[in-house]
Amino acid sequence: MWTKHHKKRKFGRLALPVITVAFLSYFGYHSVHGDFGLRGMEDFERQRVERQARLDVLVRQRQILEKEVALMSDGSLERDMLDEKARSYLNMSRNDEIVIFH
């Protein structure tokens, strides 16, 4: 009866650990440096803070505009408010007036 004798290869035993280390290195690197990694989360947080500040400014502007609209449309139209807005939009004033922009 013939038997086959196989010579044990050194590389055969190292193949699985090398592949495992390669995968772990790849995923480890991208968990820190990738778009959704730790550094990416820092960028997301920075953008969130900037956009929250912008949102706060826009909300304040909207509240001011809503207040002005309420003064102009609640049934008792304030003449000073109407006059101020008309002059502001038309960029007109009388000769004896002093204009103070705010």
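These questions and answers walk through a predicted model of one protein. Residues are numbered from 1 along each chain as its sequence is written, and side-chain values use heavy atoms, with hydrogens and water left out. Because the model is predicted, local features need pLDDT of at least 70 and side-chain atom pairs count only at pLDDT 80 or more, while totals for chains, interfaces and linings use all residues.

Me: Which pattern does the protein follow along the sequence?
Reply: Helices (H or I, at least four residues) and strands (E, at least two) are DSSP runs, numbered from the N terminus. The protein has 3 helices and 0 strands. Read along the sequence, the pattern is α-α-α.

Me: Where is confidence highest and where is it lowest?
Reply: pLDDT is the predictor's confidence in each residue, from 0 to 100. The protein averages 83, and 91% of the residues score at least 70. Confidence is highest in helix α2 (residues 38–73), at a mean of 91, and lowest in α3, at 75.

Me: What is the radius of gyration of the protein?
Reply: This value is taken over C-alpha atoms, and the globule rule is 2.2 Å times the number of residues to the power 0.38. There are 3 helices and 0 strands here. The rule gives 13 Å for 102 residues, and the protein is well over that, so it is more spread out than a compact globule, with a radius of gyration of 36 Å.

Me: What percentage of the residues count as buried?
Reply: Buried means under 20% relative accessible area, exposed over 50%, and partly exposed in between (1.4 Å probe, protein chains only). The C-alpha trace spans about 120 × 30 × 20 Å along its principal axes. Of the 102 residues, the buried share is 5%.

Me: How far apart are the end C-alpha atoms of α3?
Reply: The expected span of a helix is 1.5 Å times one less than its number of residues. For the 12 residues of α3 that gives 16 Å. The model agrees, with the ends separated by 16 Å.

Me: Is Leu90 buried or exposed?
Reply: Leu90 is found in helix α3 (residues 79–90). Its relative accessibility is 57%, so Leu90 counts as exposed.

Me: Which residue forms a salt bridge with Arg48?
Reply: A salt bridge is a side-chain nitrogen of Lys or Arg within 4 Å of a carboxyl oxygen of Asp or Glu. The closest N and O atoms are 2.7 Å apart, and the partner is Glu45.

Me: How far apart are the closest N and O atoms of Arg62 and Glu66?
Reply: Both residues lie in helix α2, 4 residues apart, about one turn of the helix. Arg62 is exposed at 57%, while Glu66 is partly exposed at 43%. Their closest N and O atoms are separated by 2.8 Å.

Me: Which residues make the nonpolar surface patch of about 470 Å²?
Reply: Patches are made of residues with over 30% relative accessible area and no salt bridge: like charges are joined within 9 Å, nonpolar side chains (Val, Leu, Ile, Met, Phe, Trp, Tyr) within 5 Å. One of the members sits in helix α1 (residues 10–33). The patch is made by Ile19, Phe23, Tyr26 and Phe27.

Conventions:
Accessible areas come from the Shrake-Rupley method with a 1.4 Å probe; for residues, only the protein chains shown count as cover.
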